[in-house]
Amino acid sequence: MTSTKTFDEQAPLLDVRSLSVSFETPRGHVTAVDDVSLRLDSGAMVCIVGESGAGKSVLARSIMRLTPKFGVATTGQVFVGGVELSALSERQMRDHWGPTVSMVFQDPMTALNPVMKVGDQIEEGMRVHGSMSRQERRAETVRLLRTVGIPEPDTRRKQYPHQLSGGMRQRVMIAIAMAQNPMLLMADEPTTALDVTIQAQVMELLKREQERRKMGVVLVTHDLGVAQAYAHRIVVMYAGQIVETATTGQLFAATRSPYTLALRSSIPRLEDEPHQLLAAIPGRQPNLTDLPKGCRFAPRCRFAQETCLEDPVPLVEDAQDPGHYVRCRYPAGTPAGDAALERNLSRGVTATGLPVTRVDGEVLA
Amino acid sequence: MTEVLPDKTAERGPLLSVQNLTVEFKVGRGRVAHAVSDVSLEIYPGETVGVVGESGCGKSTVGKAIVQLVKSKSGSIFYDGRNLAQLSGKELREVRLRLQMIFQDPISSLNPRRKVVDIVREPLAIWKVGDAASRQSRARDLLEQVGVDPDNAGARRPYELSGGQCQRVSIARALAIAPQLLICDEPVSALDVSVQAQVLNLLEELKQEHQLTVIFISHDLSVVKHISDRIVVMYLGRIAETAPAQDIYERPAHPYTYGLLAAIPEKVLALGGETSAAAVSGELPSPINPPSGCRFRTRCFRAQERCAREVPELRPIAPGHEVACHFPLEPGEIPPELASK
């Protein structure tokens, strides 16, 4: 179906350039996504990791052009296969939703239409885009349901979402998203509502289909563990900005951003001894309507120095480690970072007055 | 880190003893959901027992049945030697002074119209502990202890606080009347990881300080391992395996426990995604019509004919380690059934 479109084979599959998304809230002006750039090639998976409010879902929806029409200001560009989606009208976007970009949402109960049979929901896209006959669509639906691991697909397609379990609904969502054979699949916390054994099954399904179809996948998750297990590249976001991005190998071999490091340290790990205290991150995320002037993580950071409080910090590539970008003046595991942490430990507080002591459970970069 | 393993040889018996607890819910048209079937467990003073399992395994129902928030069909719950199911309303109220519960959703479990400090003071007022002034100061102390600023946040209402702050307030409220046993039902599931670590640390500290016995219900094995002395793994209303925390992770004996562990992303890396996804196949069967014999057999890589016929009894395989399986894994075994996939 994509053959009717002219795509640039040479261009990266997804190319996001300086995307910013802001909107007005009752409490003030919020820039939920602040100057985000990222690239993704076909057949690869990038994970956008962050806590709630980091802007990762807004980013995914903006790439999809699914943000509300009014009250949202978007700047920057989004290219998929060389086509600038951010320049298209909503009517033009219709040709791209499905064959070009497709999305799996977090909550499969609310994202599916409760009064429409799941088979019809899968067929809908084919009816709009394709020239398949009724029989062909039906056969394709059954085939898709089987692909996503739904037993008795011919019975299931005639059922409504409430007759399926959470895991099955998520599989149906994936079937809908894949029905048009998209070049790029956006998955926004697709396994967060699922049990861990079902999560493993659904992630394995996504990975298999991504490889088989040479699809690009953008996976939004709050779970660094899921990202580590499945992503080729990881983008860590904090308060609307990318704070670190690298290949999964690079990121875990040498975590540079103090936030990523703190996030890693705060997650309970299986090899830990019981009752070990966790290296929790003190405080909470800043209010997006009232951001610190300098580094947004500085108030919670163990490395923070006076200079962190003054000016915004740019995202820069590590000279020793090409492809590894970090937004920090004192990255962990570098001479500057070590010196900053040592200085804070010796004076007992950071530049923002946060008390710091040595922590046993800390993951060292 | 001080060792807080309970001394079971002491003459003190278990603080809480659940015997053959069965809870069923009517779901209409004469059908019954078997939420909890024949569950027995003992909890000793000072112990933290983690109850893990996926949604629908009955872990929350066990917690609620202990505090008599749901009626049990049969079985008994002895708290300090008294059978809770047979107590009158008044007696039960008094026992509940020593049993407190913390719920999953921190925001909806607090009254949205009341100030935080009043929420924490309420249990004290109900039990007429001290006078109004001392109750106020105790509530402020409690808030201080859980890391909520009584001057600033104390005067606010729950919706003005973050999820993590609200969970701290629920903890303060639960501790107000100095309970012995704290039942935490998924207390950190709704929180971001950085905040989750703060709340887990807080629970750990408070447990030491107030000498609490804790039942920690969660779906997250890493979290449970962190906080528990002993772990109970449940599946579809029954106990599958119970063991000291370390043993569950190092020597899982029940195929379900193995599968749960294999599905943790940390393990996915080590085992490979396909093995992990295959370790527990398919979906949870309906609790209305659970499989005969072993309830896990429909998803088990090791199921045999015998599993359909006979309900596996919980039996000891090592000190403190019990498993309900006809064909348990050997210590450290990597199931060959999964390697071939």
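## Interface, salt bridges and cavities

Between them, chain B and chain A bury about 3,600 Å², with 57% of that on carbon and sulfur atoms; buried area is the accessible area (1.4 Å probe) that two parts lose on being put together, summed over both. This is a predicted model, in which local features need pLDDT of at least 70 and side-chain atom pairs count only at pLDDT 80 or more, while totals for chains, interfaces and linings use all residues. Residues are numbered from 1 along each chain as its sequence is written, chains are lettered from A and ligands numbered from 1 in the order in which they are written, and side-chain values use heavy atoms, with hydrogens and water left out.

In contact (heavy atoms within 4.5 Å) are 46 residues of chain B and 41 residues of chain A. The rule finds 20 residue pairs in polar contact across this interface, both at pLDDT 80 or more. A polar contact is a pair of N or O atoms within 3.5 Å; within protein, one must be able to donate a hydrogen and the other to accept it, and residues adjacent in sequence count only if both atoms are side-chain atoms. On the side of chain B that touches chain A, α6(B) gives the largest share, ten residues. That side divides into 19 nonpolar, 16 polar and eleven charged residues. Here Ala, Val, Leu, Ile, Met, Phe, Trp, Tyr, Cys and Pro count as nonpolar, Asp, Glu, Lys and Arg as charged, and the others, Gly among them, as polar.

The criterion is a side-chain nitrogen of Lys or Arg within 4 Å of a carboxyl oxygen of Asp or Glu. One of them joins A:E123 and A:R138, whose closest N and O atoms are 3.8 Å apart.

A search of the whole structure finds four cavities of 30 Å³ or more. On a 1 Å grid over the protein atoms alone, a cavity is a set of points where a 1.4 Å probe fits but cannot get out, and lining residues have an atom within 4 Å of a point. Grid points are joined across faces, edges and corners, and a volume is the space filled by probe spheres set on the points.

| Cavity | Volume | Lining by class |
|---|---|---|
| Largest | about 150 Å³ | 14 nonpolar, two polar, three charged |

The largest cavity is lined by 19 residues, with A:P258, A:C295, A:F297, A:R327 and A:C328 nearest its centre.

Technical notes:
On a 1 Å grid over the protein atoms alone, a cavity is a set of points where a 1.4 Å probe fits but cannot get out, and a pocket is an open set with protein on both sides within 12 Å along at least five of seven lines; lining residues have an atom within 4 Å of a point. Helices (H or I, at least four residues) and strands (E, at least two) are DSSP runs, numbered from the N terminus.
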